[in-house]
Amino acid sequence: MHSDSSPDRPAPVVVPSVVPAPGEPAGVLDDEQARELAARFPVLRRTVGDKPLVYLDSGATSQRPEAVLSAEQTFLTQSYAAVHRGAHTLAVEATDAFEDARRTVAQFVGAEEREVVWTSNATEAINLVTYAMSNATAGSNGAGPDSRRFALAPGDEILVTESEHHANLVPWQELCARTGATLRWVPVDDDGLLRMDTLDDLVGERTKVIAFTHVSNVTGAVNNVAAFVAAAKRVGALTVLDACQSVPHLPVDFHALDVDFAAFSGHKMLGPTGIGVLYGRGELLDSLPTFLTGGSMITSVTMERSEYLPAPTRFEAGTQRISQAVALAAAVRFLTDVGMDKVAAWEAHLGQRLAVGVSQLPGVRLVGPRPGQERVGLASVSVEGVHSHDVGQLLDVAGVAVRVGHHCAQPLHRRLGLTATTRASTYLYNTTDDVDRFLEELSGVRRYFRVDD
Amino acid sequence: MSALDQMYQDVILDHSKRRIGEGLAAPDESPLEGETAAGCHHEYNPTCGDEILVRVGVDGDRISSLSWQGDGCSISMAAASVLSEMAPGTDLGTLRIQIEEFREMLRSRGNHEPDEELLGDAVAFVGVSRFVARVKCAALAWVATEAALTKALAESA
Ligand SMILES: Cc1ncc(COP(=O)(O)O)c(C=O)c1O
């Protein structure tokens, strides 16, 4: 029986030092500060079996600090009511809290309040854009003359990338199917990085939308937003940024990035599930047809027809996720208090430690940027001869929680010749010890499964 | 022995490498020589991406061959291999009882003493029943085989 469970320790990890970008405050987090932050997350105190939990799955969903949990509870126990309707005290307080939350989140991502639309998650935000474009094409749902810019016709092209999360791929496939537009994509190279050299040839007069991710949830690479935006501007295409893995981990300013739309989810940034954001450039949101319709988003309704409120409310049909928005604002305040530049620098450090450590393990393939190249605190690996589910099982028994599978990016995995990978992803509460625990367990996997026997 | 070692027993790790039955005996359901009927069935687990295509050849009331093509974790591949070793020569009724017993064992969360005489090497999968998330992995090939057999019999009826 392979009962010897003490794996070979990996060679000491040599980590390049993190140099803050020019203009960034020099302060970076360290292990002690990360440990102090982790202490504010109740769930991180638990054990798995008899092992302390090492949570390295924040790319899938992040944990929530006491401050976020209690903000939601305080709101629910003191001011909860329906918003934007009713004149009683609670309704007024709840509406204030809801709109304050919008202001807080807008400021956090360099947007105006009217540019922040609440959705359930990033997936819904992207679907909002694609269905609004269908409605523009069909001339329905408040599609006025200004909305023609969103209409598509056969021969038009939508450009995505081969590395997209299904959430930023499938809705575009469906939009193409509904409108006759053609889907094209920027390919990736053997490491899973975007072949930006192909961009010029792929973007032309027919390109109407360029939808791409800011940070890949599989490779951890930070994509060149400016190059996409420049290409789009050259031909008048709209840009749609999947900011799911960037807003939680990097300082992000949508006005500075100059994208037209962007989507992110609250649950990946210390906030609750059930709340996400669609950012839309002000003048675009004003002329975009609606997606969901019904109560809360109208001005006047007759039996024949209805008129709609201005953005962002016209996109928020039905009773909203009120306490979730309030809690998301608390999450944003938590992140702001720590400082996003510090979070980014710390996670870059952890990401390099992951990349360097993984590349020193025999028989383990690192996907994405090479050690030393820019990556966030995320690394996906493939262990030669061992399926990622078996890898994840071994790590779980050691208390190390990671994601296994295709991470909702099947085309990228297929292109890399893999069906599944094992992904470790960090957040501000992770320490270098957490990374080392992962590397240590990973180093014993091939032996446990007797790959070389 | 830890729960983990009970799941990844020697038999299972060996079978995950040996992969008995891997490589389809024929591309479709047309019976080969020595077969009275054949059936194919594809099973896919979208949550983890494990998949398998099983082909069962039947000769009268016995299984004549079981072959498969698939991709997945060690548990799913080993379960396909063990079944491929057991099934040929088994009469159809017994195979159905074996599949039922295997399923019951997997669902038991460790509370079912499997019939060793009936299941042979497949009792090694008893450790999987404590890992609820892996039960589907172990069941994949067996479920596919059951469905392939039903198709084979429907064809020949
Ligand atoms: C890059 C990326 N895009 C989109 C999504 C979808 O987010 P959600 O499931 O919260 O809508 C995710 C989350 O898994 C992601 O990582």
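Tutor: We can start with E72(A), which lies in helix α2 (residues 66–78) of chain A; helices here are DSSP runs of H or I with at least four residues, strands are runs of E with at least two, and both are numbered from the N terminus. This is a predicted model, where local features need pLDDT of at least 70 and side-chain atom pairs count only at pLDDT 80 or more, while totals for chains, interfaces and linings use all residues. Residues are numbered from 1 along each chain as its sequence is written, chains are lettered from A and ligands numbered from 1 in the order in which they are written, and side-chain values use heavy atoms, leaving out hydrogens and water.

Student: What makes E72(A) a residue with no salt bridge?
Tutor: A salt bridge needs a side-chain nitrogen of Lys or Arg within 4 Å of a carboxyl oxygen of Asp or Glu. For E72(A), the nearest side chain of opposite charge, R64(A), is 4.9 Å away, with Lys and Arg counted as positive, Asp and Glu as negative, and His and the chain ends not counted.

Student: Which residues does T213(A) contact, beyond its neighbours within four places in sequence?
Tutor: Contact means heavy atoms within 4.5 Å. Among the partners of T213(A) are S163(A), N223(A) and D242(A). The side chain of T213(A) also reaches the backbone oxygen of D242(A) at 3.3 Å.

Student: What puts the buried residues of α7(A) on the same side?
Tutor: In helix α7 (residues 225–235) of chain A, the buried residues are V225(A), F228(A), V229(A), A231(A), A232(A) and V235(A). They cover an arc of only 165 degrees around the axis, so they sit on the same side of α7(A); the arc is that of the directions from the helix axis to the C-beta atoms. The face turned away from that buried side carries the exposed residues A226(A) and K233(A).

How values were computed:
Buried < 20%, exposed > 50% of the residue type's maximum accessible area, 1.4 Å probe, protein only. Polar contact = N/O pair within 3.5 Å; in protein donor to acceptor, adjacent residues only side chain to side chain.
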